[in-house]
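Here's a quick tour of a model, covering a helix pair and a ligand site. Have a look at the structure first.

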Amino acid sequence: MHKIEVEGLNTSFDCQEGDTLVRAALRAGIAFPYECNVGQCGSCRFEVIEGDVEASWAEAPALTPRDLRKGKKLGCQSKPQSDCKIKVRIDQNCIPHFRPQARAAELVSVRDVTHDLREFHFKSDGKAEFIPGQYALMALPGVEGPRAYSMSNQPNDEGDWCFLIKKVPGGVGTDYLFDDLKKGDKITLDGPYGLAYFREDTDRDIVCVAGGSGLAPLISIATAAAYHPAFQNRRIRFFFGGRGPADICGDDYLRLLPGFGDRITFHSTISVPEMDPNGMWVGPVGFIHESVENLLGDDLKNYEYYIAGPPPMLQATLQMLAMKHKVNVEGIHFDRFF
Ligand SMILES: Cc1cc2nc3c(=O)[nH]c(=O)nc-3n(C[C@H](O)[C@H](O)[C@H](O)COP(=O)(O)OP(=O)(O)OC[C@H]3O[C@@H](n4cnc5c(N)ncnc54)[C@H](O)[C@@H]3O)c2cc1C
Ligand code: FES
């Protein structure tokens, strides 16, 4: 166990051997800045003033040559080897509502949702505490570094954790999850993490925009909103974009919600028409952000947005909303699925 002092902050926190600075700070209720937890976004940059810190992934993409020259490190990839003093810009938005913890979880069932998207249901001791939209880190045997996956279910007292995971060709973690993990096997789930969670304190209607693997957190958010007493008169517009018709899914989860087809609507788009060789697809063809723009038009500014999916889809949607239509960024919450 190492003691970590944060410059300018009148407190310190403990970091267990093998834990990262981001995770240890959040476990102590300290708002260390972060987003992805997997070395890709760069939000967790910090400097070491005193002490020894080991990089668990020295080549993490978020570290630029400039960062390296200036001695910057990534908090999510840094494991202290001694007591340390560090410099980091604390971000109050990162204060955890539930302090993350690691727990063993057993795979109890799987279900194929599409040709490459599978629902995994794990069970742990104790409660599954998170806010809809958040994610957990999975430590998988033989896989270097944890993998982040968003919960698709609701928080519960029974220890149920459900995920919708897309198989990535050649991906080390998804190869393990799809090909090696068997019912009854246990993995470590660490969480909850993430800032793109359901906001209860707004009076706007909701738009969810999911691309590819981004379905899980938005199903969880739409479900929470559908049952929330204060949201009974709100619209929930759910947009889902896939490459071809075989990728389109998610409506079966939404159909179970009160108000589906009325105040809750599902809009799907495919982006690669060649993946519909027999011309069976009758919906729009294009990118999902174009569908959002076409359908909402002058109303774009009136919604609270939740967006999840691959970084290019996120970038295009954010550009359309914030840059082109000047939608207030405080009402846009997103997770980039690196
Ligand atoms: C916040 C968040 C939520 C996500 N939620 C979902 C979801 O709900 N469903 C879904 O299908 N996908 C989700 N993803 C994507 C998911 O985490 C994986 O990136 C994806 O499944 C591919 O994993 P892979 O191991 O198969 O691919 P790989 O290409 O083998 O691994 C890619 C991932 O592993 C990390 N990584 C690679 N090498 C190392 C290393 N040496 N040390 C440490 N880390 C390393 C990368 O940062 C990247 O996250 C999410 C990602 C993020 C950031
Ligand atoms: S939180 Fe560390 S790089 Fe994203």
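## Two helices side by side

Angles under 35 degrees count as roughly parallel, over 145 as roughly antiparallel, 65 to 115 as roughly perpendicular, and the rest as oblique. Axes are lines fitted to C-alpha atoms, for helices over the stretch in contact, with angles running from 0 to 180 degrees between N-to-C directions. Helices here are DSSP runs of H or I with at least four residues, strands are E runs of at least two, and both are numbered from the N terminus.

This is a predicted model, where local features need pLDDT of at least 70, side-chain atom pairs count only at pLDDT 80 or more, and totals for chains, interfaces and linings use all residues. Residues are numbered from 1 along each chain as its sequence is written.

Helix α6 (residues 288–296) packs against helix α7 (residues 311–324) at about 30 degrees, with the axes 8 Å apart. The two are therefore roughly parallel to each other. In contact (heavy atoms within 4.5 Å), I288, H289, V292 and E293 of α6 meet M313, A316, T317, M320 and K324 of α7.

## Around ligand 1

Which residues come nearest to ligand 1? Of the 24 around it (a heavy atom within 4 Å), they are R147, A148, Y149, G173 and T174. β11 (147–150), β12 (160–166) and α3 (172–180) each supply at least two residues of the shell, and β11 gives the most, with four.

As for backbone atoms, a polar one of A148 sits 2.6 Å from a ligand 1 oxygen. A polar backbone atom of L164 is 2.9 Å from a ligand 1 nitrogen.

Methods:
Chains lettered and ligands numbered in written order. Heavy atoms only, no water. Polar contact = N/O pair within 3.5 Å; in protein donor to acceptor, adjacent residues only side chain to side chain.
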